[in-house]
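Please read the points beside the model.

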Amino acid sequence: MSSPKLPNMAKELSSVEAAWLGAMVDGEGSLFLRYRPAPTLRMEVCNTEPEFLSACLRITNTRGVQLKTDNSSRYGRKPVFGWYVNAWNTVLDLTKQIAPYSIKAQALQTVLGGITEKEGN
């Protein structure tokens, strides 16, 4: 699968940071892989407590991350904040680092591994 060649902006996580981020992705987040119109890979964590998202920013040292507020949340009147990483190589690196602690990251690695194998044939 061809992917955008943006530089990896994530830092190397300690095992504690990787476990925490893996738990956040599994409990409050998502990993997206979309093929059309172009291959897109995205990691996100959403929560009504902005400190959780601030911690995601601090431990990953990612750039190009957006903090968004959605006031029409399913949580009533509380605003929902979102931490998003869209850079392909950064998401791949973070996924690899959190995989020992995240079922969603392990599943994404399995899917991406299957795609790579099919392209190699």
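1. Confidence in the chain is lowest in E3, at a mean of 57, and highest in H1, at 97. The score is pLDDT, the predictor's confidence in each residue, from 0 to 100. Over the chain the mean pLDDT is 82, and 75% of the residues reach 70 or more. Where pLDDT is low, the predicted coordinates should not be read in detail.

2. This is a predicted model, in which local features need pLDDT of at least 70 and side-chain atom pairs count only at pLDDT 80 or more, while totals for chains, interfaces and linings use all residues. Residues are numbered from 1 along each chain as its sequence is written, and side-chain values use heavy atoms, with hydrogens and water left out.

3. The chain has four helices and four strands, in the sequence pattern α-β-β-α-β-β-α-α. Helices (H or I, at least four residues) and strands (E, at least two) are DSSP runs, numbered from the N terminus. Buried residues make up 36% of the 121 residues in the chain; buried means under 20% relative accessible area, exposed over 50%, and partly exposed in between (1.4 Å probe, protein chains only). Among contacts (heavy atoms within 4.5 Å) between residues at least 6 apart in sequence, 66% join residues at least 24 apart.

4. How many of the residues of strand E4 are buried? Six of the six are, over residues 80-85, so E4 is largely enclosed by the rest of the structure. In a regular strand the side chains alternate between the two faces of the sheet. Val80, Gly82 and Tyr84 are buried on one side of E4, and Phe81, Trp83 and Val85 on the other.

5. E2 and E4 run antiparallel and are joined by five bridges; two strands pair if DSSP finds at least two bridges between them. Asn47 stands opposite Phe81 in E4. Trp83, also found in strand E4, counts as buried because its relative accessibility is 0%.

6. The axes of helix H1 (residues 15-28) and helix H3 (residues 88-98) come within 8 Å and cross at roughly 105 degrees. H1 is therefore roughly perpendicular to H3. Axes are lines fitted to C-alpha atoms, for helices over the stretch in contact, and angles run from 0 to 180 degrees between N-to-C directions. Angles of 65 to 115 degrees count as roughly perpendicular, under 35 as roughly parallel, over 145 as roughly antiparallel and the rest as oblique.

7. Ala18, Leu21, Gly22 and Val25 in H1 meet Leu94, Gln97 and Ile98 in H3. By class, this contact of H1 with H3 has five nonpolar, two polar and no charged residues. Ala, Val, Leu, Ile, Met, Phe, Trp, Tyr, Cys and Pro count as nonpolar, Asp, Glu, Lys and Arg as charged, and the others, Gly among them, as polar. Eight of the eleven residues of H3 are buried, so H3 is largely enclosed by the rest of the structure; among them are Trp88, Leu94 and Ile98.

8. Two backbone details deserve a check. Most residues other than glycine have a negative phi, and most peptide bonds are trans. The peptide bond from Arg36 to Pro37 is cis, with omega near 5 degrees, and Pro37 is in the loop between strand E1 (29-34) and strand E2 (40-47). Asn61 has a positive phi, near 60 degrees, in the loop between helix H2 (50-60) and strand E3 (66-70). Asn61 is partly exposed, at a relative accessible area of 48%.
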